[in-house]
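Biologist: I'm new to this one. Can you put it up and walk me through a few parts?
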Amino acid sequence: MRGTGYESILRRQSLRESAARTYARSLPIVPVRARGLTIEGADGRRYLDCLSGAGTLALGHNHPVVLEAIKKVLDSGAPLHVLDLATPVKDAFTSELFATLPGELADDARVQFCGPAGTDAVEAALKLVRTATGRDGLLAFTGAYHGMTAGALAASGGAPDVRVTRLPYPHAYRCPFGTGGERGAELSARWTESLLDDPKSGVTTPAGMIVEAVQGEGGVIPAPDDWMRRMRRITADRAIPLVVDEVQTGVGRTGAFWAVEHSGVVPDVMVLSKAIGGSLPLAVVVYRSSLDAWEPGAHAGTFRGNQLAMAAGTATLAYVRENRLAERAGTLGARILGQLQGLAAAHPCVGDVRGRGLMIGIELVDPDAAGPEDTAPPAAPALALAVQQECLARGLIVELGGRHSAVVRLLPPLTLTDEQATAVLDRFADALAAAERARVPRPSPSRRAPAPVPAPGPSH
Ligand code: PMP
């Protein structure tokens with residue numbers, strides 16, 4: 001167990017840490033320094049990081065404005081732990097956050113500082129709408145990802161389990177209705193309406209609907225703007241609070257400061273985390289004041305006052321706003337998407353390229369395995385894993401996600417330069433070609449063995 005070399009560190013990690021560790025399995029890197037897009041490992045290798053702390057690092061690693069903000073708090077003698085007390089640092093964060101919100105919400109918003117992770121904010125949002133409506137069901141979508149917590153409240157003798165009604169999320173490439181496009185989104189909306197209005201559907205009016213404007217972990221699936229507006233109308237007409245989870249899509253990532261701005265939808269509740277803490281843990285729920293019906297202490301927690309995260313977050317929000325990085329993410333993302341679509345034309349194993357802003361997904365498929373007519377070929381998770389490993393060998397870190405862990409995901413910082421984008425695409429193209437070459441061709445259908453099931457992709 002001795003040694004400080006990176007191989008010893010990795011060996012000790014695999015011996016001591018839980019089997020649930022995720023990224024550490026597919027990315028055997030020991031980061032020791034980082035700046036912007038680049039991470040340097042203890043082995044001396046440098047990597048271009050398009051995972052960005054699972055979409056957290058809007059400004060990349062250790063941006064000077066973030067470091068400066070943290071140092072300022074440390075040098076000021078301000079307390080680092082303050083529970084949920086008011087401080088100048090928190091006041092500045094709240095002001096900067098409210099300045100970025102859709103106007104209609106900002107004018108009438110309340111913010112709840114909750115536990116530090118995205119999943120804490122989701123829990124808080126669900127509790128909020130249940131308290132405010134007195135109802136307990138929840139509408140959520142296929143492919144959704146909202147976090148990993150469950151049970152703490154139940155174990156504390158709190159509220160009963162949330163009863164979730166699962167609705168079809170529009171998915172043009174793997175449309176649950178087999179139609180794709182606008183028609184698929186229309187059918188998803190009709191299904192939602194019919195469940196809510198049919199007295200015999202088995203679904204009573206729920207406490208809320210929770211939705212991602214672009215599903216991230218679900219495989220980078222942007223919801224059509226019209227469909228988002230439709231969800232807003234459906235929920236507003238029935239007095240169901242609409243909760244939009246912007247944990248991953250927020251702070252410029254999709255080409256707008258908040259992804260709801262694309263459709264103009266103003267939610268009743270927004271769930272925010274990841275980038276708002278400027279790389280440190282921070283999560284909040286922002287909601288209309290009319291929902292603020294809970295009692296003092298109804299949602300508590302020891303770690304709701306991370307001063308360093310608030311300072312880093314204020315600096316990040318201000319930098320993204322002042323430097324119009326959302327706009328930059330939109331134009332650069334569209335260019336990258338176009339280039340990837342060009343690449344896809346030459347690689348039949350690329351089934352789909354999609355995304356919004358700098359939230360990009362490349363779905364890998366098995367083009368030789370014909371599915372039923374009019375459906376997409378089966379997903380190719382083993383190939384996706386191979387592409388991820390080939391990327392790593394070329395000094396590029398990418399994420400995997402999607403229903404079948406077959407979507408290679410790019411979440412670069414919004415500060416990505418044109419030259420860096422070219423370097424990322426070059427390395428990705430090389431890695432894709434290498435993984436494709438190494439792919440074992442499928443046996444003929446009569447002798448086809450079942451596809452191997454790879455380890456599940458990282459989720460967080
Ligand atoms: N919501 C969304 C949309 C997310 O992408 C994530 C994390 N990937 C979460 C919630 C949960 O956040 P955390 O991992 O910080 O709990």
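Biologist: Which strands does helix α13 lie across?
Modeller: Helix α13, residues 381-393, lies across β14, β16 and β17. Its direction is at about 170° to β16. Keep in mind that this is a predicted model.

Biologist: What order do the strands of that open sheet have?
Modeller: The order is β13-β14-β17-β16. That makes an open sheet of 4 strands, with antiparallel pairing.

Biologist: And which strands stand at the edges?
Modeller: β13 (350-356) and β16 (399-401). Each has a single partner strand, so one side of each is left without a neighbour in the sheet.

Biologist: By how many degrees are neighbouring strands turned against each other?
Modeller: By 25° on average, direction ignored.

Biologist: How many bridges join β14 and β17?
Modeller: β14 (residues 359-364) and β17 (residues 407-410) pair over 4 bridges, in the antiparallel sense. For one of the residues, G361, the bridge partner in β17 is R409.

Biologist: Where does helix α12 lie?
Modeller: Helix α12, residues 325-346, lies across β13, β14 and β17. It runs at about 175° to β13.

Biologist: New topic, α7. What should its span be?
Modeller: α7 covers residues 118-133, which is 16 residues. At 1.5 Å a residue, the helix should span 22 Å. Its end C-alpha atoms are 23 Å apart, which agrees.

Biologist: Which residues in α7 are buried?
Modeller: Quite a list: G118, T119, A121, V122, A124, A125, L126, K127, L128, V129 and R130.

Methods
Residues are numbered from 1 along each chain as its sequence is written. This is a predicted model: local features need pLDDT of at least 70, side-chain atom pairs count only at pLDDT 80 or more; totals for chains, interfaces and linings use all residues. Side-chain values use heavy atoms; hydrogens and water are left out. Helices (H or I, at least four residues) and strands (E, at least two) are DSSP runs, numbered from the N terminus. The expected span of a helix is 1.5 Å times one less than its number of residues. Buried means under 20% relative accessible area, exposed over 50%, partly exposed in between (1.4 Å probe, protein chains only). Two strands pair if DSSP finds at least two bridges between them. Axes are lines fitted to C-alpha atoms, for helices over the stretch in contact, and angles run from 0 to 180 degrees between N-to-C directions. Contact means heavy atoms within 4.5 Å.
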